[in-house]
Amino acid sequence: MSKPNRKRLNLETLRAQRLEAQGTKEIEVELDDEKFVFPLATWWPMKVVKRIRALKDGEDDVTRVLALISSEEQVDRLLELGLNLGDFQDIMEAINEDAGVEPGESSSSSN
């Protein structure tokens, strides 16, 4: 009997290759003497991705998404320090950059 045509994937190997290509799993935001760490989008657990996708319009603001990927306390502290909407958007842009897709864009080719 012949084996069916299939490709085998070793997830640990794929993760190591992705990490090597990107060089990092997190971004660190420094503000005054404090540091805040957020995981890059490629490394979000699917459970978190599903919770983010389940947010309804109006619930999907930047601070809510950041709280889901890190912690409510960390986001509250950033708010206490006076970050504005532009600051939060810059953080989200940096988090999403590693995936190579900007919000609203598709990863498929248009050629």
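Which residues does glutamine 74 touch, not counting residues up to four places away in sequence? In this predicted model, the residues touched by glutamine 74 under that condition are Phe36, Val37 and Phe38. Glutamine 74 lies in helix α4. With a relative accessible area of 16%, glutamine 74 falls under the 20% limit and therefore counts as buried. The side chain of glutamine 74 also takes part in a polar contact of 3.2 Å with the side chain of serine 70.

The chain contains five helices and two strands, and these elements follow the order α-β-β-α-α-α-α from the N terminus on. Of the 111 residues in the chain, 26% are buried. Among contacts between residues at least 6 apart in sequence, 51% join residues at least 24 apart.

The two strands, β1 and β2, run antiparallel and are joined by six bridges.

Helix α5 comprises the 13 residues 85-97. At 1.5 Å a residue, helix α5 should span 18 Å, and the distance of 18 Å between its end C-alpha atoms agrees with this expectation. The buried residues of α5 are Phe88, Ile91, Met92, Ile95 and Asn96. Because these residues cover an arc of only 130° around the axis, they are placed on the same side of α5. The packing partners of the buried residues of α5 are β1 (26-31), β2 (34-39), α3 (62-69) and α4 (72-80). At the start of α5, the backbone nitrogen of glycine 86 has a side-chain oxygen of asparagine 84 within 3.0 Å.

In soluble globular proteins, nonpolar side chains tend to be buried together. In the present model, the largest nonpolar core has 25 residues, and those with the most contacts inside it are Phe38, Trp44, Leu66, Ile69, Ile91 and Ile95. Two or more residues are given to this core by each of β1, β2, α2 (46-53), α3, α4 and α5. The most is given by α3, which supplies six residues. Isoleucine 69 illustrates the contacts of one of these residues: leaving out residues up to four places away in sequence, isoleucine 69 touches Phe38, Pro39, Trp44, Val48, Ile52 and Ile95.

Helix α3 also holds arginine 64. At 33% relative accessibility, arginine 64 counts as partly exposed, whereas glutamine 74 is buried. When neighbours within four places in sequence are set aside, arginine 64 is in contact with Leu55, Glu59 and Glu72. Arginine 64 and valine 75, although eleven residues apart in sequence, have a C-alpha to C-alpha separation of 8.5 Å in space.

Technical notes
Residues numbered from 1 in each chain as written. Predicted model: local features only at pLDDT ≥ 70, side-chain atom pairs only at ≥ 80, totals over all residues. Heavy atoms only, no water. Helix = DSSP H or I, 4+ residues; strand = E, 2+ residues; numbered from the N terminus. Expected span 1.5 Å × (residues − 1). Buried < 20%, exposed > 50% of the residue type's maximum accessible area, 1.4 Å probe, protein only. Arc of directions from axis to C-beta. Contact = heavy atoms within 4.5 Å. Polar contact = N/O pair within 3.5 Å; in protein donor to acceptor, adjacent residues only side chain to side chain. Pairing = 2+ DSSP bridges. Core = buried A, V, L, I, M, F, W, Y, C linked by side-chain atoms within 4.5 Å.
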